[in-house]
Amino acid sequence: MGRPLSEWIDRQADRLFILPAVVAILAFSIFPLLVSAYLAVSRFQLTAGGYQIRYIGWLNFKKILTGSEQFHFLGTFAPIPWFAWILPLLALLFVGRGLRLYLTTGRVTVLGAIGRAISAALIVALATLIAATCGPHGGLGTVSVTLMYVVIGVSFQFLLGLGLAMLCAQRIRGRGFFRVVFMIPLMVTPVGVAYTFRMMADMTQGPLSPLWRLLGLGDLTWASQGWSARLVVMVGDAWQWIPFIFIVLLAAIEGQSREQVEAASLDGAGFWRIFRDITWPEIAPVAATVVLIRVIEAFKIIDLPNILTNGGPGIATESLTLHSFIYWRTLDLGGSAAVAYSLLFISTVFSVSFFNFVVQPVRSARK
Amino acid sequence: MKSRLSILTGTAAGLALALTLGARGASAGEFDGVTVNVMTFTGPQIAEPLQRRAPDFEKLTGAKVNVITVPFSDLYQKLLTDWASGTNSIDAAVFAPQWMVDYVTPGYLEDLTSRIAADKDLQEDDVAPFFRDFSQKFGGKIYTVTLDGDFQMVYYRTDVLQKLGKQPPKTWDDYIDIAKAAQGQDMNGDGKGDYGSCISKKRNAQAYWAIISIAGSFLQSKGTKEGSFFDTKDMSPLTSNEAFRRALEIYQETTKYGPPDEINLDVGDTRKLFTSGQCALSLDWGDIGTLAIDPTESKVNDKVGAVVIPGTTKVLDRASGKLVACDANTCPYAVDGVNHAPFAAFGGWSGGVNAHAQDKVKAAAYAFFSYMSQPAQSNVDVTIGKTGFNPYRISQFKGLDQWEKAGMSEAAAKNYLGAIQDSLNNPNMVLDLRIPQNQKYEQVVLDTAIARMLAGELSIDDTMKAITDGWNEATDEIGRDSQLAAYKATLGQ
């Protein structure tokens with residue numbers, strides 16, 4: 001009797017050990033996710049003696065997708081200007097190439113094909129959405145603004161982070177000092193970064209105003225124009241997050257085979273040739289992963305647009321997270337949850353697409 | 001100068017402490033061991049006097065007061081979340097009385113009626129009738145202690161107007177005319193051109209009250225009971241007509257004569273611009289009057305005048321939606337043919353107590369608000385610019401000594417207090433919106449639409465449509481009949 005019991009306990013040991021973690025995840029992650037899912041299809045209302053949460057179906061989603069808040073979430077639609085057609089075309093090319101690569105791998109599954117079809121449709125739809133709202137008579141909604149922060153912002157951060165990592169990987173004097181300096185913004189809390197950047201970007205009264213005046217930018221009112229305000233938000237975000245990309249890529253570059261680089265150098269290969277044929281293939285999987293992590297993070301941007309511009313001018317710099325937050329703080333908990341769930345859907349599909357169309361092919365190519 | 005202000009403030013605080021001890025006869029240690037968590041907005045105004053006087057109150061009663069601050073735009077929801085979730089970590093709060101409806105209905109706020117009736121030290125009869133009878137009350141009961149009197153007014157630079165040969169603005173057309181003439185003039189002697197008008201227009205801040213101040217006189221002309229937000233027949237918004245259009249045009253035009261980044265300026269920013277001498281006109285609460293005499297910041301001491309919010313000679317005909325000329329029928333309260341409708345924007349920061357706090361804590365929280373509001377303290381605080389507190393007691397309007405001691409000339413004090421009194425006593429005063437979820441109407445729908453218009457995202461027609469549709473949607477979601485009943489009740493209909 002004693003032996004079967006101890007054997008049973010042995011068999012259950014792994015489950016028992018993992019149980020506290022499962023309970024903690026259920027309590028702190030899954031439970032709030034379920035509650036917010038319920039809130040997304042409900043209306044919260046204060047009533048005598050407390051509050052009431054009433055089921056209203058898909059009305060919160062209808063409001064942001066086709067109703068009175070469509071301008072806020074999706075944007076204001078207008079005829080697509082000729083130059084903006086390039087966005088859906090680029091998206092088509094991107095997903096077409098990704099699908100072709102997938103179909104030629106010989107490992108096609110039904111689930112994989114459905115997933116990629118959803119990803120492809122969403123990417124083309126989002127690109128078309130931006131094209132249809134970015135014209136002179138249109139207006140970008142929070143979905144498009146967030147995508148800009150993700151696509152343009154992260155691309156810019158990646159290129160600069162890679163450049164800095166390449167520089168600091170060289171045997172130059174003082175590179176240890178520069179490594180530490182480049183890391184500093186990463187240590188600062190995002191709100192601190194936002195306030196610091198707000199001071200620095202104040203053209204008329206900020207500490208850098210003499211410099212801006214010297215450069216002829218003293219009268220620039222970036223906060224009054226949508227595109228310049230978005231640019232300032234992206235520059236602030238880059239200032240904070242380039243160090244993260246820099247440090248990861250620097251580790252990858254320094255981890256590459258020195259023999260190969262030295263041999264190529266001895267054979268007369270130049271910097272770009274070495275980078276293209278040796279360094280990039282070596283660091284590409286790490287680069288793809290670091291971009292994926294940044295993409296997921298960038299979808300959640302809130303501190304900078306909230307503190308720099310409060311989402312303005314108009315709604316020009318408002319991200320999806322800030323959109324959700326503004327609903328929440330004015331008691332529209334259902335609307336807030338609906339925006340948050342839409343963000344979850346878009347960021348998940350986008351990140352999975354990035355993994356399927358970029359990260360995986362890069363890894364496969366290396367093997 | 002700075003030390004003079006410190007001495008003045010210190011002496012006043014000491015005197016106030018002694019007076020309060022004597023008047024109230026409070027036993028030291030009455031609230032020994034009691035801690036009161038009070039939430040308000042980041043400020044520094046409003047939070048400053050609470051933080052400065054909390055140690056004095058602790059010495060007096062033994063109660064420790066923790067002042068917790070959050071950004072203005074978060075305050076409403078932070079309080080609701082804490083109280084609705086049953087966390088109750090906040091024992092009391094200093095907030096906008098117009099939010100009271102959302103806190104009282106679910107039972108989060110303590111009824112203070114009997115406490116105030118029994119509190120002689122508070123001198124409730126000294127509180128101006130508007131705050132005593134309207135701002136503090138909901139459903140006939142008192143839920144807050146007034147700490148601040150809020151009316152928006154127009155401030156002007158007396159020296160600039162004199163130089164331009166202009167009179168203080170009586171109408172919004174006058175305001176535009178002065179702003180246009182003053183734009184680009186050097187008003188602070190730094191050799192650079194300054195601004196005709198400085199109005200805070202930042203989104204998600206406190207800017208949305210300005211458009212109501214401008215629209216008020218166009219929309220309401222037959223007395224406070226008429227209301228200026230909705231038609232009292234069917235709760236349809238008064239935001240899609242010639243009157244509101246004209247108000248939007250004026251608001252948009254003021255931006256032409258403002259600082260280049262005006263749409264990203266909060267009230268603190270425009271106040272600094274005004275007191276540093278860079279603006280000819282401003283639309284603001286009472287704060288500029290006292291900030292202008294702050295020797296540490298102001299360059300415009302004794303150069304500032306204040307007037308009741310400008311009015312208009314044409315008002316809305318609600319039947320046709322058109323503007324019609326003022327006459328004895330359309331504008332019964334007009335002065336010299338100009339209809340004024342001063343706006344009690346916000347209603348003045350007020351203290352309320354969490355109904356679910358412990359009894360001893362509730363008593364201490366109330367005692368703290370009473371202490372803050374008693375004339376010994378408040379009559380000093382309203383004269384200090386950085387407190388953010390503006391006059392709301394009758395004694396604060398009568399005694400000029402306290403204003404002169406604070407550094408205001410007699411003429412300036414009379415002018416400043418006169419402008420507030422003109423607003424307070426006006427039978428056509430515009431009451432702020434106090435229906436359930438009023439924050440959604442003003443801070444979300446109105447604020448977003450106005451911000452989009454200023455950013456060039458919406459035309460004036462589209463702005464009117466966005467506000468009208470948004471308000472109608474909110475009304476239908478919450479319940480048109482109940483909202484109409486609540487609206488009429490706040491107007492006394």
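**View 1. Where chain B meets chain A.** In this predicted model, 33 residues of chain B are in contact with 28 residues of chain A, with contact meaning that the C-beta atoms of two residues, placed from the backbone, lie within 7 Å. On the side of chain B that touches chain A, at least two residues each come from α3 (72-84), α18 (438-454) and α19 (460-478) of chain B. Helices here are DSSP runs of H or I with at least four residues, strands are runs of E with at least two, and both are numbered from the N terminus. The largest share of this side, eight residues, is supplied by α18(B). By type, the side of chain B that touches chain A divides into eleven nonpolar, eleven polar and eleven charged residues; Ala, Val, Leu, Ile, Met, Phe, Trp, Tyr, Cys and Pro count as nonpolar, Asp, Glu, Lys and Arg as charged, and the others, Gly among them, as polar.

**View 2. Helices α19 and α20 of chain B.** α19(B) packs against α20 (residues 480-491) of chain B at an angle of about 105 degrees, and their axes are 6 Å apart. Axes are lines fitted to C-alpha atoms, for helices over the stretch in contact, and angles run from 0 to 180 degrees between N-to-C directions. The pair is therefore roughly perpendicular, a label for angles of 65 to 115 degrees. Look for B:Thr475, B:Asp476 and B:Ile478 of α19(B) meeting B:Arg480, B:Ser482 and B:Gln483 of α20(B).

**View 3. An open sheet in chain B.** Four strands run in the order β8-β9-β7-β10 (chain B), with mixed pairing; two strands pair if DSSP finds at least two bridges between them. β8 (195-198) and β10 (304-308) of chain B stand at the edges with a single partner strand each, so one side of each has no neighbour in the sheet. On average, neighbouring strands of this sheet are turned by 20 degrees against each other, direction ignored. Within the sheet, β7 (residues 153-157) and β9 (residues 279-284) of chain B pair in the antiparallel sense over four bridges, and B:Tyr156 stands opposite B:Leu281 in β9(B).

**View 4. A hairpin in chain B.** β11 (residues 314-317) and β12 (residues 322-325) of chain B pair in the antiparallel sense over four bridges. Here B:Leu316 stands opposite B:Leu323 in β12(B). Four residues lie between the two strands of this hairpin, and B:Gly321 in the turn has a positive phi of about 75 degrees.

**Notes for all views.** Residues are numbered from 1 along each chain as its sequence is written, while chains are lettered from A and ligands numbered from 1 in the order in which they are written. As this is a predicted model, local features need pLDDT of at least 70 and side-chain atom pairs count only at pLDDT 80 or more, whereas totals for chains, interfaces and linings use all residues.

Key:
Parallel < 35°, antiparallel > 145°, perpendicular 65-115°, else oblique.
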